[in-house]
Amino acid sequence: MMQDRHYPTLAEATRIWARIGLLSFGGPAGQIALMHRILVEERRWLGEKRFLHALNYCMLLPGPEAMQLAVYVGWLMHRIPGGIVAGILFVLPGVAAIMGLSWIYALYGNVGAVEAAFFGLKAAVMAIVVQAVIRIGARALKNRAMIAIAGASFVAIFGFAVPFPVLVLVAGLVGFFGARAGLPAFEGRGGRGRVGDVQVDDAETLLGEGSPDHTRVDRAWALRVAGALLVLWLAPVALLFGVAGPADVFAQIAAFFSVMAVVTFGGAYAVLAYVAQEAVQNFGWLAPGEMLDGLGMAETTPGPLIMVTQFVGFMAAYREAAGLSPLLAGTLGGLLTTWVTFTPCFLWIFLGAPFIERLRDNKALTAALTAITAAVVGVILNLAVWFGMHVIFDKVRTVRTMGLDVELPVPASIDIAALLLVVAAVVAVFRFRLGPVAVLAGCAAAGILIRAPGFL
C-alpha cells in the first residue's frame, strides 16, 4: 500500500460515492468511465488491472454492471459497509429523479417544456456515450486480437442478432483457450490501452497489488451473507403473495422484477426489450409510447439505465391502486420495483467477489474475462449506433440486405435540430472537455429554446 497517500475513512469515501452517484449520467459506459476517472486516475484507490478484473466479473452478472462495480470497489475499500454505501449512493439520485418525474408524468402528462428538455438532454447523452465508448474501448482493446473480438461481436449482434449470452460464452472460451495455448495476445502483454490522460499500475495505488485481508473469507461466511440477502430480497415477495394473492398488482410487480433480476444478461437495452414486452403486452401496465417516455427519463437522469423499471412499477400500481391513493400506490410500486431489482446485486458481489479476488492471478481466467470485455465493447458500440439512429432520425426501418435484417434510419426523416445539438454536444465534450453536468444543462436549455419557445 502506498505510504504517501491517506487511506480514506468510510465517511470520506461516502462523499466520493455521493459525487459519483450525482454525476452518473450516460448509461453503463459513461458510468464506468466516470468511476475509472475518479477512483483510478484521481483518487488512485485501485489500479488499472484490478479495476478491469472487477469490471470483467461484473460484466458476467445479471443486473446493472456499473452499480455492481461500485459495490465491488466499495467492498474492497471498506468491507460490506463500504459496498452497501457505494451501491445505495450510486442508485439513490436516480431513484429520486425517476420518482419525481413519475409524479409529474402521472399528474400532468406530456408537459411541453419537459419534453423539450428531454429532447436536448438526449443529444448530450449521445455525446457522452460516444466519449464513453472510446474510453472503455481504449482500455479494453489492447491488441489486434481484442479489436477483432470486439469487431466480431458488433457484427454478430448488429447483423445477425446473436444473443448476448452466446457472445459472452464464445468470447470467454476464445480467451481461456488462447491463454492456455500460450498465445501472446491473451497473456496480458498485448499492448497498453489508455483511458483519459494516465494509466495507473496497481502498485501505485492505495490497495496495492495484494488483496485486503477481509477478502479472504471462508465458504461458511459467504453462505451466511447470501442467506441474509436472500431473506431481504425474497421475504417481501413471499409476504405479498401470502397476504394479497398472486392477482394483486404489488405481488405481480415483486414477482416479475425478481425474475428479471436473475435473467438480465445482455445489457440494459436487452433487458428493457424484455420488460417492455411483458409490461405492455402481457400485463398491460403501460402503452408503448409510455414505455419510451420512461426510457427517455432513465436516459437523461443519473443512475443505472435500468432505473426505468421504477417508472414501470410506479405506473402499474398507480393505475391499479386498489383503495389506496393513486400517488401513494404508485410510489410504493416504484420503490418495491427498485428493491427487488437492486437487492440481488449486493448478493452477487458479496457472495462471489471474495472468490473472484482469489483468482486475480489465474491467467486463463483473466484472459477469458478480458476477451469478454472486448466483446462487450462491440455490444456497447451497437447500442451507441442504435441510440444515435433514434436520436437524430424520426423514423427507422428494417432493411433486408445480404440475407440479414438490418435496422437503418430513413434519411428523409433526419431531425436537423437534433443533429446540430448532437454536433454541439460532441464539440463541447471532445474539443472543450466540458464535464457531463455542464453539457447536460446546456443541451437541456437549448432543447427548451428550440422545442418550447413559448415556455420562456
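Mentor: Start with Arg19. Its relative accessibility is 30%, so Arg19 counts as partly exposed. Keep in mind that this is a predicted model.

Trainee: Which residue does Arg19 form a salt bridge with?
Mentor: Glu42. The closest N and O atoms of the pair are 3.2 Å apart.

Trainee: How many salt bridges does the structure hold?
Mentor: It holds 4. Another one pairs Arg44 with Glu204, with closest N and O atoms 3.5 Å apart.

Trainee: How far apart in sequence are those two parts?
Mentor: 160 residues. Arg44 lies in the loop between H2 and helix H3 (48-60). Glu204 lies in the loop between helix H7 (164-180) and helix H8 (219-244).

Trainee: What about burial for Arg44?
Mentor: Arg44 has 19% relative accessible area. The cut-off for buried is under 20%, so Arg44 counts as buried. Glu204 is partly exposed, at 33%.

Trainee: What do you have on Asp415 and Arg451?
Mentor: Their side chains meet in a salt bridge, 2.5 Å from N to O. Asp415 is in the loop between strand S2 (404-409) and helix H15 (416-430). Arg451 is in helix H16, residues 436-451. The pair links distant parts of the chain, 36 residues apart.

Trainee: Asp415: buried or exposed?
Mentor: Buried, at 12% relative accessibility. Arg451 is partly exposed, at 44%.

Trainee: Which residues do salt bridges with shared partners join into a network?
Mentor: Arg19, Arg37 and Glu42. They form one network.

Trainee: Let's change topic. What is the overall make-up in helices and strands?
Mentor: 16 helices and 2 strands. The protein has 456 residues, and 54% of them are buried. Look at contacts between residues at least 6 apart in sequence: 74% of those join residues at least 24 apart.

Trainee: What is the mean pLDDT?
Mentor: The mean is 84, with 89% of residues at 70 or more. Watch residues 189-197, where the pLDDT is below 50. That stretch still has 24 contacts in the model beyond near neighbours in sequence.

Trainee: On to the inside. How many residues does the largest nonpolar core have?
Mentor: 134. The residues with the most contacts inside that core are Trp17, Met35, Leu39, Trp45, Tyr72 and Trp285. H4 gives the core its largest share, 21 residues.

Trainee: Take Trp17. What does Trp17 touch?
Mentor: Set aside residues up to four places away in sequence. Trp17 then touches Met35, Leu39, Trp45, Ala70, Val73, Gly74, Ala86 and Leu89.

Trainee: Which residues make the nonpolar surface patch?
Mentor: Trp103, Ile104, Leu107 and Tyr108. The patch is about 420 Å². Trp103 is in helix H4, residues 65-108. Its relative accessibility is 36%, so Trp103 counts as partly exposed.

Trainee: What about Gln310? Buried or exposed?
Mentor: Buried, with 0% relative accessible area. Gln310 lies in helix H12, residues 308-319. Beyond four places in sequence, Gln310 is in contact with Val95, Ile98, Met99, Gly334, Thr337 and Thr338.

Trainee: Last one. Where is Ser24?
Mentor: In the loop between H1 and H2. Ser24 is buried too, at 0% relative accessibility. Its contacts beyond four places in sequence are Gln31, Leu34, Phe90, Thr301, Pro302 and Gly303.

Trainee: How far is Ser24 from Leu34 in space?
Mentor: 7.1 Å, C-alpha to C-alpha. In sequence, Ser24 and Leu34 are 10 residues apart.

Conventions:
Residues are numbered from 1 along each chain as its sequence is written. This is a predicted model: local features need pLDDT of at least 70, side-chain atom pairs count only at pLDDT 80 or more; totals for chains, interfaces and linings use all residues. Side-chain values use heavy atoms; hydrogens and water are left out. Patches are made of residues with over 30% relative accessible area and no salt bridge: like charges are joined within 9 Å, nonpolar side chains (Val, Leu, Ile, Met, Phe, Trp, Tyr) within 5 Å. Accessible areas come from the Shrake-Rupley method with a 1.4 Å probe; for residues, only the protein chains shown count as cover. Helices (H or I, at least four residues) and strands (E, at least two) are DSSP runs, numbered from the N terminus. Buried means under 20% relative accessible area, exposed over 50%, partly exposed in between (1.4 Å probe, protein chains only). pLDDT is the predictor's confidence in each residue, from 0 to 100. Contact means heavy atoms within 4.5 Å. A nonpolar core is a set of buried Ala, Val, Leu, Ile, Met, Phe, Trp, Tyr and Cys residues joined through side-chain atoms within 4.5 Å.
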